[in-house]
Amino acid sequence: DDLVKEALKTVRISRRCSLSWQRMEGMLSGFQSDLSSISSEIQTLQQQSVSMNVRLKNRQAVRSHLSQLVDELVVPGAMISTILDSPVTEQEFLEQLHELNNKINFAKELSFRETLACSDIQDIVDRLKLKAVSKIREFILQKIYSFRKPMTNYQIPQNTLLKYRFFYQFLLANERTVAKEIRDEYVDTMSKIYYSYFKSYSGRLLKVQYEEVADKDDLMGVEDTAKKDILYTVCFFSKPSLKSRNTIFTLGQRGTILSPAELEGPILVPHTAQRGDSRYPYETLFRSQHYALLDNGCREYLFLSDFFMVAGNSALDLFNSIMGKTLSMFLKSMSTYVSDCYDSIAVFLCIHIILRFRAITAKRTIPALDKYWEAVLELLWPRFEMILEMNIHSIRNTDPQKLGVLDTRPHYITRRYAEFSSAIVSINQTFPNERTHTLLGQLQVEVENFVLKMAAEFPSRRDQLIFLINNYDMMLSVLMERAADDSKEVEGFQQLLLARTQEFIEEILSPPFGGMIAFVKEAEALMEKGQLDRLKNEEVRITQLVRGFSSTWKQSVESMSQDVMRSFTNFKNGTSIIQGALTQLIQYYHGFHKILNQPTFRSLAVRSELINLHHLMVEVKKHKPNF
């Protein structure tokens, strides 16, 4: 029974457990089902969220486009009233014009896309555009017409136009015919203004030019006549009067025109100069005229590039359409002047003025006048070379016998050359030109030949050497004032002067001391050959030389010094020659001592009468002139 009871009890427990498991399983199944439905709902909610987000973004994008479209399509009342009623010079008009330009461009874009809404605003935008174009056209044309008033400073209305440069941009974008009309009107007006101004200014400048200018007879090799030689009679004996005469071969103060202060200085005012009875050389007028051109040309080119929005070849073409007539007038006037000009320094200075002005425009990166500069140089260079060649031929063909009385002082033709050459060399150093160097080299050769021809007219070699030394020294002194010490011209005349000076020293030492000098040279030559014994029987000759030198050298040196100082116009050069002669004399006497100290002559009693070399040097120093 107990077993049966235990078994039944176990069965009952098993049943209860089974029921519990079934209930648990049912609960778990229900929970699993609930979880599945929740997951499904979450997925649904996620999909709905993504969909709503996409729809929101699409709506926002559409709203943005529609908002912009609506904003662009709407023409505010403020814009209408401003465009219609406000003066174009007011800032509000300029701001609304920018807005109107944007709406016009937007309307064009919509029209291209065939947007129906475009037709709603097209009419009012077009009418506003026409009104704006009309007002802008009237404003700009009035400014252009104001240029035409006498005594108007056209730079002021130009600066005003630059403030409203958008006006022309608006016209160019929306009404090209009006833009072309304004551009053509501006070109026509400014072309006439510049032409009239520069024609009047150039004409008034010529009234203050020197009345006396160089002509075809004013050449370097032409004889000094009653017409007055500018260099010899004016420059070297009195100061030239720049109020009444333009110099031909001298630079004087004319070279200052190339200094930065004068080159870019204020332009001449002709009526002021006339009131003061002032007169100027051509290059001064040329500088003033072309600096005015440079200044106005640069400013005009910048204005055209800025206001009319052009660049490159278009800007150059527009500039030439305005300045072309003026530039042609300049070239024609210059061609007329140059064809009859014989003032080579004036032409050369004009060349260097143009070279510097060309550098200025290049530094400013303004190419507008480049072709004009080249055209001017093509006129000036050949004329300068032709005048220089005329001077070369005039010197080559000079007949020394027709140049008046012989004089050992510097010749007026070499004075002309020295002044002219130093002028050209000093100017040319800043912008070296090989053709100029070549022509100056030819001129120098002809001058050297001329000096030799003139020297040959003197009967004695001594006078020939004095003439040569005076002329070489004068030319060298003038050249060294302006030219560099290492220039070809300076080096050439230094060598010539040194050679002729050495020859002259030998020439002046020969009369008083020629016997001793000849003996020294003869003895030194025999010493080199080891044949000095051939002179051992020359005791009488040597005695005469020793005693003759001792008794006469002081008087001879004094006489020689006075003669040299009378012969040379440059005291400094004369002093140098005397010092060279005395130095050479001491060297010869030192050589005389050495020869008599040789075994061949040691037994000669007259050796005791030789002057002590140191004593001689001390005494000689007393005879050196001090200037």
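Here is a friendly walk through this predicted model, from its domains to its ring pairs and its cysteines. Residues are numbered from 1 along each chain as its sequence is written. In this predicted model, local features need pLDDT of at least 70 and side-chain atom pairs count only at pLDDT 80 or more, while totals for chains, interfaces and linings use all residues; side-chain values use heavy atoms, with hydrogens and water left out.

Let us begin with the overall layout. The domain assignment, whose bounds come from an automatic or database source, gives domain 1 (1-66), domain 2 (77-153), domain 3 (175-223 + 247-416) and domain 4 (523-623). Taken over C-alpha atoms, the centres of domain 1 and domain 4 are separated by 144 Å.

Now to the aromatic rings. Rings of Phe, Tyr and Trp (its six-membered ring) pair if their centres lie within 6.5 Å, and planes under 30 degrees apart count as stacked, over 60 as edge-to-face and the rest as tilted. The structure holds 38 aromatic pairs. One of them joins Tyr 168 and Phe 307: their ring centres are 5.6 Å apart and their planes stand at 35 degrees, so this pair is tilted. Because Tyr 168 lies in helix α6 (residues 165-174) and Phe 307 in helix α11 (residues 282-307), the pair ties together parts that are 139 residues apart in sequence. Helices here are DSSP runs (H or I, at least four residues), numbered from the N terminus.

Phe 307 also pairs with Phe 308, with ring centres 5.0 Å apart and planes at 85 degrees, so that pair is edge-to-face. Are these residues buried or exposed? Buried means under 20% relative accessible area, exposed over 50%, and partly exposed in between (1.4 Å probe, protein chains only). Tyr 168 is buried at 2%, Phe 307 is buried at 1%, and Phe 308 is buried at 2%.

Elsewhere, ring pairs link a cluster that includes Tyr 194, Phe 330 and Trp 373. Some rings also have a charge over them, meaning that NZ of Lys or CZ of Arg is within 6 Å of the ring centre and within 35 degrees of the ring normal. The charged end of Lys 325 sits over the ring of Tyr 195, 4.5 Å from its centre, and that of Arg 383 sits over the ring of Tyr 342, 4.9 Å from its centre.

Finally, the cysteines. With a disulfide taken as a pair of cysteine sulfur atoms within 2.5 Å, the count comes to zero. The closest cysteine sulfur to that of Cys 341 is in Cys 350, 7.8 Å away, which is too far for a bond. Cys 341 is buried at 3% relative accessibility, and Cys 350 is buried at 1%.

Methods
Helix = DSSP H or I, 4+ residues; strand = E, 2+ residues; numbered from the N terminus.
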